[in-house]
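User: Please walk me through this model, one question at a time.

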Amino acid sequence: MTAQDARFMALALALGRRGMGQCAPNPAVGCVIVRAGRIVGRGATAAGGRPHAETLALAQAGAAALGATAYVTLEPCAHHGETPPCAEALIAAGVVRVVAPFDDTDPRVSGRGFAMLRAAGVAVTTGVLADEAAHDHAGFLIRNEVGRPFVTLKLAASFDGRIATASGHSQWITGPEARRAVHAMRARHDAVMVGAGTARADDPMLTVRGMGVTRQPVRVVVSRRLDLPLMSQLARSAREVPLWLCHGTEVDDAIAEAWRGLGARLFPCDVVAGQVDADAMLRALGAAGLTRVFCEGGGALAASLLAAGLVDELAGFTAGLVIGAEGLPGVGALGLARLDEATRFRLIETRALGGAVLHRWARA
C-alpha cells in the first residue's frame, strides 16, 4: 500500500461516512477518482441508496475518468438491479485501476465485480485501509453474514453510573453539547431503539434534530405487551416518521390493529424469560433492511442485548455529578457471577463534551 493509495482511500472513506444512516439497506460507499495525482471526481452513496458512489463520482469526472484510478470503499457491484453494475460503468468510463479494501460480502457481488474489472484489463488493488473500511461497513457486513444489524448501545449516566434519580427524574444529566452529539449519532444509524419503559416515561420523538438530515431514522420501540400510550408523540407522528414496534406474539388484536391504523409497522417476536427475544427481534429488523441500530435504553432492553452478546459498540456519556445508590442504573440485572463472564469492549474514542465525557468502546 502506497502513501498515495492510503491518502485517497481515507478521503473515500470520509465521503462514505456521510451516507451512514441514509442509504440502508445499501452500504454507505465513498468513491474518489484520481488522474495524474489530481482528484477529478468524488461521490458518496445518495440518500435512499441510489445513485451509487461510483456513478456520482464518474458523472463528476466526465471524460477525465479515462486513464484514471478509482478509490472505492467497497467492491463495485456486478449485478443488474435498479441501475447497471458499477463495475461496468467504471470499465466504460476508461478507468484503468480500481483500489478497494476488500470483497463485497453480498452474495450477488462477492468477487464478481473485481473479476469483471480484471477481465476487462483493469488493474485491481485490494487490502487498502481494510480495517477502517470494515469498521465503517460493519452494519452492512454483519447483516450479510449473520442477518442482524450493527448495534450501538448509548448510555448517558452520572459519574456513579445512574441514569435518573429514584423518582425517575433524568433531564438533563448531560449538557447541550452531549445532546447534540447524540443527535449526530442518531443520524449515522438507520434506526433509534428504546424500550417500552423509556417510551412511556419520556414520551420521546426519537428524531434527529438540528443536523439537516434528509431521511429520519426509523423509530423502534420494544414492548412485549404493546402497552404504549396511543396519544404519545410517537403515535401522533407515526405516518410522518417510520415507527416500528417489536412485541410479543400474544398481544390484544384490537391494540395491534389500533397501532397499524396509526401507521406503525408491527414485528411480532417470540418471548424468552418474559422479554422479547433480542436475537429474533434483531434478525427481523435486519430482514426489514436495517443495518445500523442506535439503542438508547432503558435498562431492561440494554441488559437483554448485552446478555445475548448483541451489542457491537458502547457510547457512554458520563457527567460530573453523583446521584447515589438509590438512583436508577443504566443496565438491568445481568446475573454475572464472575468478571470473565462479562463481554469485554476496547476503547476507541474519548473526548470532552461540555460538562460530560464521551467514551466509545468496540466489542473486543
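**Pockets, a hairpin and a helix pair**

User: How much space lies in the second largest pocket?
Analyst: This is a predicted model, where local features need pLDDT of at least 70, side-chain atom pairs need 80 or more, and totals for chains, interfaces and linings use all residues. Residues are numbered from 1 along each chain as written, and side-chain values use heavy atoms, without hydrogens or water. A pocket is an open set of 1 Å grid points that fit a 1.4 Å probe, with protein on both sides within 12 Å along at least five of seven lines. For the second largest pocket, the space is about 700 Å³.

User: Which strand gives the largest share of the lining of the second largest pocket?
Analyst: The lining has 26 residues (an atom within 4 Å of a point). Nearest the pocket centre are Leu155, Leu306, Leu314, Val331 and Phe345. E6 (150-157), H12 (299-307), E15 (313-319) and E18 (356-363) each supply at least two residues. The largest share, five residues, comes from E15.

User: How many residues in the lining of the second largest pocket are nonpolar?
Analyst: Three of its residues are charged and seven are polar. The nonpolar residues number 16.

User: Which helix gives the most to the lining of the largest pocket?
Analyst: The largest pocket holds about 1,300 Å³ of space. Of its 49 lining residues, Thr198, Asp202, Glu296, Gly297 and Gly298 are closest to the centre. Elements that each supply at least two lining residues include E6, H7 (176-187) and H12. The most, six residues, comes from H8.

User: How many residues in the lining of the largest pocket are charged?
Analyst: The nonpolar class has 21 residues in this lining. Another 17 are polar. The charged residues number eleven.

User: Which residue in the turn of the E17 and E18 hairpin has a positive phi?
Analyst: E17 (345-353) and E18 pair in the antiparallel sense over eight bridges (at least two make a pair). Arginine 351 stands opposite leucine 358 in E18. Two residues lie between the strands of this hairpin. The turn residue with a positive phi, about 60 degrees, is glycine 354.

User: What is the orientation of H3 to H4?
Analyst: Helices here are DSSP runs of at least four residues, strands of at least two. The axes of H3 (residues 86-93) and H4 (residues 112-119) come within 9 Å and cross at roughly 20 degrees, on a scale from 0 to 180. Angles under 35 degrees count as roughly parallel. Therefore H3 and H4 are roughly parallel.

Key: Grid points are joined across faces, edges and corners, and a volume is the space filled by probe spheres set on the points. Ala, Val, Leu, Ile, Met, Phe, Trp, Tyr, Cys and Pro count as nonpolar, Asp, Glu, Lys and Arg as charged, and the others, Gly among them, as polar. Angles under 35 degrees count as roughly parallel, over 145 as roughly antiparallel, 65 to 115 as roughly perpendicular and the rest as oblique.
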